[in-house]
Amino acid sequence: MALTLYVDTARWRAHQQTVIQQFPGIVPVCKGNGYGFGHERLAEEAARFGSDILAVGTTYEAARMKDFFSGDLLVLTPFRRGEEPVPLPDRVIRSVSSVDGVYGLVNARVVIEVMSSMKRHGVTGEDLPKLHAAIENVRLEGFAIHLPLDRTDGLDAVEEVIAWMDRLRAARLPLHTMFVSHLKGEELARLQQQFPQTRFRARIGTRLWLGDHDSTEYRGSVLDVTRVSKGDRFGYRQQKAASDGHLVVVAGGTSHGVGLEAPKALHGVMPRAKGVARAGLATVNRNLSPFVWAGKQRWFAEPPHMQVSILFVPSDVQAPQVGDELVAHLRHTTTQFDRLLDR
């Protein structure tokens with residue numbers, strides 16, 4: 001009995017191809033938990049469609065991925081002096097976001113990140129004159145810019161990249177390759193047309209692996225079903241059942257990421273109102289689970305356990321049977337499955 005990720009493989013791969021066609025020279029990203037699929041599976045997929053490079057989040061991920069992927073590995077987290085040394089092969093490329101970082105990577109392959117409107121990390125325009133001497137002792141693979149997802153001020157993404165291209169060109173720095181993130185296919189094409197001597201490579205993870213929501217589905221197996229009457233005590237905290245119904249034990253708990261949710265940016269009155277309502281219900285121990293039965297998400301009977309969750313199904317709904325599977329609406333990047341099945 002398990003929490004299972006089902007993948008409609010043909011559909012999933014067809015979506016991958018649509019993204020690959022929109023972004024020639026794509027750099028597939030595999031970081032964190034491998035977007036819910038795992039590092040090994042995504043390395044296998046990248047090799048299958050012929051990618052020469054795979055981007056990972058950290059040096060620790062690169063150390064693991066080197067055994068699954070034979071091409072270049074681009075580490076997205078910038079190098080910092082004093083970081084723990086991790087043995088890595090020469091095919092690993094390090095990201096750098098400071099002049100000091102470039103000086104600290106003598107003879108290494110590097111990509112230099114520039115400071116975008118994200119204001120997360122990157123070299124600034126004032127740093128560019130200092131880079132001439134710094135890059136003499138590294139193998140420069142190109143520059144990179146990481147753009148924001150939302151643009152509330154109306155600033156055009158292409159214009160932001162062009163502004164940086166102009167700065168780099170004015171500083172007489174090499175512009176043979178530019179790695180970009182969060183651009184549309186037509187935006188990338190505009191840049192390639194304007195700068196034909198530069199190769200633009202889009203680093204893409206979410207859109208590539210998770211862009212077709214209907215190609216994947218999580219399901220948790222029902223392990224036990226117990227009838228309860230109003231007032232019966234149950235669970236770790238011996239709460240009382242609020243009404244007649246069934247306690248349904250389903251595979252999938254906190255160790256899988258069930259009940260754990262990354263914060264979301266809320267835009268608009270309605271999403272904020274729903275957030276307030278959910279918070280209010282949580283104060284009286286009413287939390288909606290991600291598991292669906294009979295067309296509705298069911299309430300947690302109590303907070304999820306490490307490997308299972310206990311749901312409450314009211315008496316006016318036919319209870320599931322042991323062995324049934326309940327669809328679960330889970331976020332791929334925070335979920336760890338027990339098994340993955342292609343179909």
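This is a predicted model: local features need pLDDT of at least 70, side-chain atom pairs count only at pLDDT 80 or more; totals for chains, interfaces and linings use all residues.

Colleague: Leaving aside neighbours within four places in sequence, which residues is I145 in contact with?

Modeller: I145 belongs to strand β7, which spans residues 139-146. M115 is 30 residues away from I145 in sequence, and the C-alpha atoms of the two are 7.1 Å apart in space. Once neighbours within four places in sequence are set aside, the contacts of I145 are E113, V114, S116, E160, V161, W164, M178, F179, V180, S181 and R203.

Colleague: Does I145 count as buried or exposed?

Modeller: The cut-off for a buried residue is a relative accessible area under 20%. The relative accessibility of I145 is 0%, and I145 therefore counts as buried.

Colleague: Why do the buried residues of α7 line one face of the helix?

Modeller: Helix α7 covers residues 185-194, and its buried residues are G185, E187, L188 and L191. Viewed down the axis of α7, these buried residues line one face of the helix because they fall within an arc of 160 degrees.

Colleague: Which residues are exposed on the other side of α7, and what do its buried residues pack against?

Modeller: On the other side of α7, the exposed residues are E186 and Q193. The buried residues of α7, for their part, pack against α1 (9-22), α6 (157-170), β8 (177-181), β9 (199-204) and α8 (206-210).

Colleague: Are α6 and α7 roughly parallel or roughly antiparallel to each other?

Modeller: The contact between the two helices is made by A157, V158, E159, V161 and I162 of α6 together with E187, R190, L191 and Q194 of α7. Their axes lie 10 Å apart and the helices pack at an angle of about 30 degrees, while the crossing in which α6 passes α7 is right-handed. Since angles under 35 degrees count as roughly parallel, α6 and α7 are therefore roughly parallel.

Colleague: In the largest nonpolar core, which residues touch the most other members?

Modeller: In soluble globular proteins, nonpolar side chains tend to be buried together. The largest nonpolar core here has 90 residues, and its largest share, seven residues, comes from α6. The residues that touch the most other members of this core are F37, L131, F143, F200 and W209.

How values were computed. Residues are numbered from 1 along each chain as its sequence is written. Side-chain values use heavy atoms; hydrogens and water are left out. Helices (H or I, at least four residues) and strands (E, at least two) are DSSP runs, numbered from the N terminus. Buried means under 20% relative accessible area, exposed over 50%, partly exposed in between (1.4 Å probe, protein chains only). Contact means heavy atoms within 4.5 Å. The arc is that of the directions from the helix axis to the C-beta atoms. A nonpolar core is a set of buried Ala, Val, Leu, Ile, Met, Phe, Trp, Tyr and Cys residues joined through side-chain atoms within 4.5 Å. Axes are lines fitted to C-alpha atoms, for helices over the stretch in contact, and angles run from 0 to 180 degrees between N-to-C directions. Angles under 35 degrees count as roughly parallel, over 145 as roughly antiparallel, 65 to 115 as roughly perpendicular and the rest as oblique. A crossing is left-handed if the near helix is turned anticlockwise from the far one by less than a right angle, and right-handed if clockwise.
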